[in-house]
Amino acid sequence: MRLPVGTVELVDEAGEFVLVRSRRGLQLEPGSHLTIHGDQGETVATVSVSPARKGPFLTADIVSGSPKKGQRATAPYSAGASPPPPFPGPADTPDAIQILE
């Protein structure tokens, strides 16, 4: 089973890396391998997560294949993994004010 990680937003062929916009709050360890899937769900590339991260973007070095912008990235699911924490919303902060209409 594979967990969806996000979408390839940029491919830098000269630098041999990709930027992936993550859709989940997954904490991926540097060195973790992600699989990039083509339009038909086929594996088109393998990338290795690097430590560099900015907001929802993570960087990954291209290990094999030819990823393209817009393709999906997935990670292997491990049975012992805990689900990611939910993203905090405005109501999750202690001094948040809720306005009900």
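Visitor: Is Lys 69 buried or exposed?

Guide: This is a predicted model, and every value discussed here is computed from it. The general idea is to compare the relative accessible area with a cut-off; a residue over 50% is called exposed. Lys 69 has a relative accessible area of 62%, so Lys 69 is exposed.

Visitor: Where is Lys 69 found?

Guide: Lys 69 is in the loop that lies between strand 5 and strand 6. Leaving aside neighbours within four places in sequence, Lys 69 is in contact with Val 8, Glu 9 and Val 11.

Visitor: How should confidence be read, and what pLDDT does the protein chain average?

Guide: Where pLDDT is low, the predicted coordinates should not be read in detail. In this case the protein chain averages a pLDDT of 82, and 73% of the residues score at least 70. Over residues 80-93 the pLDDT is below 50; this stretch has 11 contacts in the model beyond near neighbours in sequence.

Visitor: In what order do the 6 strands close into a barrel?

Guide: Strands of a sheet pair through backbone hydrogen bonds, either parallel or antiparallel. Here the strands close into a barrel in the order 1-2-5-4-3-6, with antiparallel pairing. Neighbouring strands of this sheet are turned by 45° against each other on average, direction ignored.

Visitor: How many bridges join strand 1 to strand 2, and how many join strand 1 to strand 6?

Guide: Strand 1 and strand 2 run antiparallel and are joined by 6 bridges. One example is Asp 12, whose bridge partner in strand 2 is Phe 17. Strand 1 is also joined to strand 6 by 5 bridges, again antiparallel; there, Pro 4 has Thr 74 of strand 6 as its bridge partner. Strand 6 is in turn joined to strand 3 by 3 bridges, and these two strands run antiparallel. Ile 36 has Ala 73 in strand 6 as its bridge partner.

Visitor: What is the phi of Glu 16 near?

Guide: Backbone torsions can be read residue by residue. Phi of Glu 16 is near 55°, a positive value in a residue other than glycine. Glu 16 has its place in the loop between strand 1 and strand 2.

Visitor: Which residues of the largest nonpolar core touch the most other members?

Guide: In a regular strand the side chains alternate between the two faces of the sheet. In this structure the largest nonpolar core has 15 residues, and those touching the most other members are Val 5, Val 20, Leu 28, Leu 34 and Leu 58. Strands 1, 2, 3, 4, 5 and 6 each supply at least two residues of this core. Strand 4 gives the most, with 3 residues.

Visitor: What does Val 20 touch?

Guide: Not counting residues up to four places away in sequence, Val 20 touches Val 5, Gly 6, Thr 7, Val 8, Pro 56, Phe 57, Leu 58 and Ala 73.

Visitor: Why does Ser 50 count as buried?

Guide: The cut-off for buried is under 20% relative accessible area. Ser 50 has a relative accessibility of 11%, so Ser 50 counts as buried. Ser 50 is found in strand 4. Apart from neighbours within four places in sequence, Ser 50 is in contact with Pro 30, Thr 59, Ala 60 and Asp 61. Across the protein chain of 101 residues, 30% count as buried.

Visitor: With which residue does Glu 9 form a salt bridge?

Guide: The cut-off for a salt bridge is a nitrogen-to-oxygen distance within 4 Å. By this rule the count comes to 1 salt bridge. Glu 9 forms a salt bridge with Arg 21, and the closest N and O atoms are 3.9 Å apart. The pair links distant parts of the chain, with Glu 9 in strand 1 and Arg 21 in strand 2, 12 residues apart. Glu 9 is partly exposed at 27% relative accessible area, and Arg 21 is partly exposed at 38%.

Visitor: Among contacts between residues at least 6 apart in sequence, what percentage join residues at least 24 apart?

Guide: In the protein chain, 51% of those contacts join residues at least 24 apart.

Terms used:
Residues numbered from 1 in each chain as written. Predicted model: local features only at pLDDT ≥ 70, side-chain atom pairs only at ≥ 80, totals over all residues. Heavy atoms only, no water. Core = buried A, V, L, I, M, F, W, Y, C linked by side-chain atoms within 4.5 Å. Buried < 20%, exposed > 50% of the residue type's maximum accessible area, 1.4 Å probe, protein only. Helix = DSSP H or I, 4+ residues; strand = E, 2+ residues; numbered from the N terminus. Contact = heavy atoms within 4.5 Å. Salt bridge = Lys/Arg side-chain N within 4 Å of Asp/Glu carboxyl O. pLDDT = per-residue confidence, 0-100. Pairing = 2+ DSSP bridges. Axes fitted to C-alpha atoms, helices over the stretch in contact; angles between N-to-C directions.
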